[in-house]
Amino acid sequence: MDDALILGDYDFNVPSDKKSKKSFDPKQLLLPIKKAEKRLMFLQYQTWQRLVANKLIAAPVSFKSNERILEVATGAGFWMLDFAVTVPKSVTLHGIDRSSRHFPKQHPENVSFSTCAATALPFSWQDYFDFVHQRFLSLSLTLYEWKAAVAEIHRVLKPGAWVQIGEVYPAFPSGEYGSKQKALFYAMSQSRGLDLDIPLHLSEHLSSIGFVNVSVEENVGECGSEHGSHGKGNKGRMLAVTKSMKSEVIRAGGFGIVNSKKEFDELVKGLEREYDQGESRIRFFTCIAQKPLPVERP
């Protein structure tokens with residue numbers, strides 16, 4: 001479950017005149033990408049962007065010369081590279097990640113990258129950034145670490161500046177096998193110290209850290225063959241994530257949910273049917289929030 005939950009199904013044969021002007025041509029972008037993991041990160045990004053109508057910023061902000069933007073857990077920097085063409089060249093965009101292995105080798109002069117833990121940003125960044133963007137960290141950090149990362153975002157934002165955080169919640173079909181799948185996801189998350197419900201409580205979490213004007217927008221991706229190619233793709237992604245859990249589930253003794261490899265395989269087959277028979281949705285949450293201005297004392 002650490003791997004990309006939403007892998008995407010971007011159509012690389014879309015004519016160039018049909019592509020968004022704000023997006024890169026994937027044929028050009030993927031030429032230097034040799035590792036499948038990085039390609040899947042790009043597809044994940046495209047899937048999210050499609051569901052939010054290619055909107056890069058949900059917060060009520062505009063950027064002026066010499067302002068600074070930070071992306072936490074930037075990965076390969078796809079969001080920053082897309083967003084860089086929409087702001088003045090004097091606006092700087094900086095992405096941090098725990099590893100540099102996916103950082104792009106070529107990027108605009110106002111885009112930069114460095115390795116850094118999301119839970120321990122540089123002390124010198126206090127009240128430094130005009131906007132911070134973060135996505136897909138709830139399946140990589142414990143709840144304590146995730147809250148620590150958001151607290152760090154609060155620290156490095158300028159007073160009055162905004163943060164935008166995106167998280168995703170899996171799709172579980174209604175039925176016997178969907179119930180078992182959900183139980184396995186929660187059991188495995190708990191065994192790793194993760195909290196699968198972080199996306200469902202973004203507003204509460206950010207408010208508790210000190211943000212104000214918090215709001216959450218939800219977009220959904222339908223699963224199942226009756227929803228066309230996107231529905232089939234979302235179903236396939238949820239099945240792929242479930243299958244990837246098999247070895248760990250068996251090593252853990254099945255968490256009291258499945259007792260053998262055969263039972264796990266039967267679970268996957270049952271899910272294939274249930275995704276097509278009932279309604280299930282992958283839920284995407286975008287939360288925006290503002291760091292409050294200091295209170296003026298009389």
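## Ala148 and helix α4

Because its relative accessibility is 23%, Ala148 counts as partly exposed (between the limits for buried, under 20% relative accessible area, and exposed, over 50%, with a 1.4 Å probe and protein chains only). Ala148 lies in helix α4; helices (H or I, at least four residues) and strands (E, at least two) are DSSP runs, numbered from the N terminus.

The model is predicted: local features need pLDDT of at least 70 and side-chain atom pairs count only at pLDDT 80 or more, whereas totals for chains, interfaces and linings use all residues. Residues are numbered from 1 along each chain as its sequence is written, and side-chain values use heavy atoms, with hydrogens and water left out.

## Strand β4 and its partners

Seven of the seven residues of strand β4 (residues 129–135) are buried. Strand β1 (residues 68–72) pairs with β4 in the parallel sense over four bridges, where pairing requires that DSSP finds at least two bridges between the strands. β4 also pairs in the parallel sense with β5, over six bridges.

His133 in β4 is the bridge partner of Glu71, and His133 stands opposite Gln164 in β5. Together, β4, α4 and β5 make a right-handed β-α-β unit: with the strands pointing away from the viewer, the path from the first strand over the helix to the second runs clockwise.

## Helix α6

The buried residues of α6 (residues 202–209) are Leu202, His205 and Leu206. They cover an arc of only 90 degrees around the axis, so they lie on the same side of α6; the arc is that of the directions from the helix axis to the C-beta atoms. Their cover includes α4 (143–156), β5 (157–169), β6 (212–222) and β7 (281–290). Just after α6, Gly210 takes a positive phi of about 120 degrees.

Trp146 touches Leu202, His205 and Leu206, among others (contact means heavy atoms within 4.5 Å).

## Nonpolar cores

A nonpolar core is a set of buried Ala, Val, Leu, Ile, Met, Phe, Trp, Tyr and Cys residues joined through side-chain atoms within 4.5 Å. The largest has 56 residues, and those touching the most other members include Trp146 and Leu206. Its largest share, six residues, comes from β5. Another core, of 23 residues, lies apart from it and has Ala59 and Phe63 among its members.

Terms used: Lists of a residue's contacts leave out its neighbours within four places in sequence.
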